[in-house]
Amino acid sequence: MNICVFLSAADLDERYTRPAREFAELLGKVGLMKVVADGVREAGGRLLGVSVEFLAAKAREGADEMVIAGDLAERKALLLEKADAVVIMVGGTGTLDEATEILELKKHGHTDKPVVLLNTAGFYDGLKEQFRRMEDEGFLPLPLTELVFFAEEPVGALAYLEESQGTQ
């Protein structure tokens, strides 16, 4: 399964890096970008990077494959095209942009890929509450549970993905 992971590129506290590392290790058995990439590599997984021209100098060296997109929109499109599933970890505005784009595509039936929001240390509690309000007030044409799965721990995220792909 090709899993696209949207997350922060910033160096963050251990409460955020631990779950990212744990998720990467789980993927191998079946900034955070570096933590996940290192974990996937150490566990024997294949690493595909998709960067953008203005960040190409910071792109990870040694990936199995590195694609450089012309802009952020092309980068998102490439990431989603190559992925069987999406996991959203903690991040800033770029991560939120990526998350809302995949959910918008899913909402309108343009993808049926499973989407997991890894709610590390309650980071996305407010967003979860906002999504519930959108659902309650009729802003979502699908039940929230059909758009996104909220996982509190990496093992729950992977279990959901395996179940959705019928690999459990």
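The radius of gyration is taken over C-alpha atoms, and the globule rule sets it at 2.2 Å times the number of residues to the power 0.38. The model described here is predicted. For 168 residues, a compact globule would have a radius of gyration near 15 Å, and the protein agrees with this because its own value is 15 Å.

**Overall form**
- Along the principal axes, the C-alpha atoms of the protein fill a box of roughly 45 × 35 × 30 Å.
- The protein contains seven helices and six strands.
- Their pattern along the sequence is β-α-α-β-β-α-β-α-β-α-α-β-α.

**Surface and charge**
- Of the 168 residues in the protein, 42% are buried.
- The protein has an accessible surface of about 9100 Å², and carbon and sulfur atoms account for 50% of this surface.
- There are 18 positive and 30 negative side chains in the protein, and the centres of these two sets are 2 Å apart.

**Helix α3**
- Helix α3 covers residues 72–82, and its buried residues are Arg-75, Lys-76, Leu-78, Leu-79 and Leu-80.
- A side-chain oxygen of Asp-71, at the start of α3, comes within 3.3 Å of the backbone nitrogen of Ala-73.

**Confidence**
- The mean pLDDT of the protein is 84, and 91% of the residues score at least 70.
- Among the elements, strand β6 (residues 149–151) has the highest mean pLDDT, 97, whereas helix α2 (residues 33–42) has the lowest, 69.

Technical notes. Residues are numbered from 1 along each chain as its sequence is written. This is a predicted model: local features need pLDDT of at least 70, side-chain atom pairs count only at pLDDT 80 or more; totals for chains, interfaces and linings use all residues. Side-chain values use heavy atoms; hydrogens and water are left out. Helices (H or I, at least four residues) and strands (E, at least two) are DSSP runs, numbered from the N terminus. Buried means under 20% relative accessible area, exposed over 50%, partly exposed in between (1.4 Å probe, protein chains only). Accessible areas come from the Shrake-Rupley method with a 1.4 Å probe; for residues, only the protein chains shown count as cover. Lys and Arg count as positive and Asp and Glu as negative; His and the chain ends are not counted. The place of a charge is taken as NZ of Lys, CZ of Arg, CG of Asp or CD of Glu. pLDDT is the predictor's confidence in each residue, from 0 to 100. A polar contact is a pair of N or O atoms within 3.5 Å; within protein, one must be able to donate a hydrogen and the other to accept it, and residues adjacent in sequence count only if both atoms are side-chain atoms.
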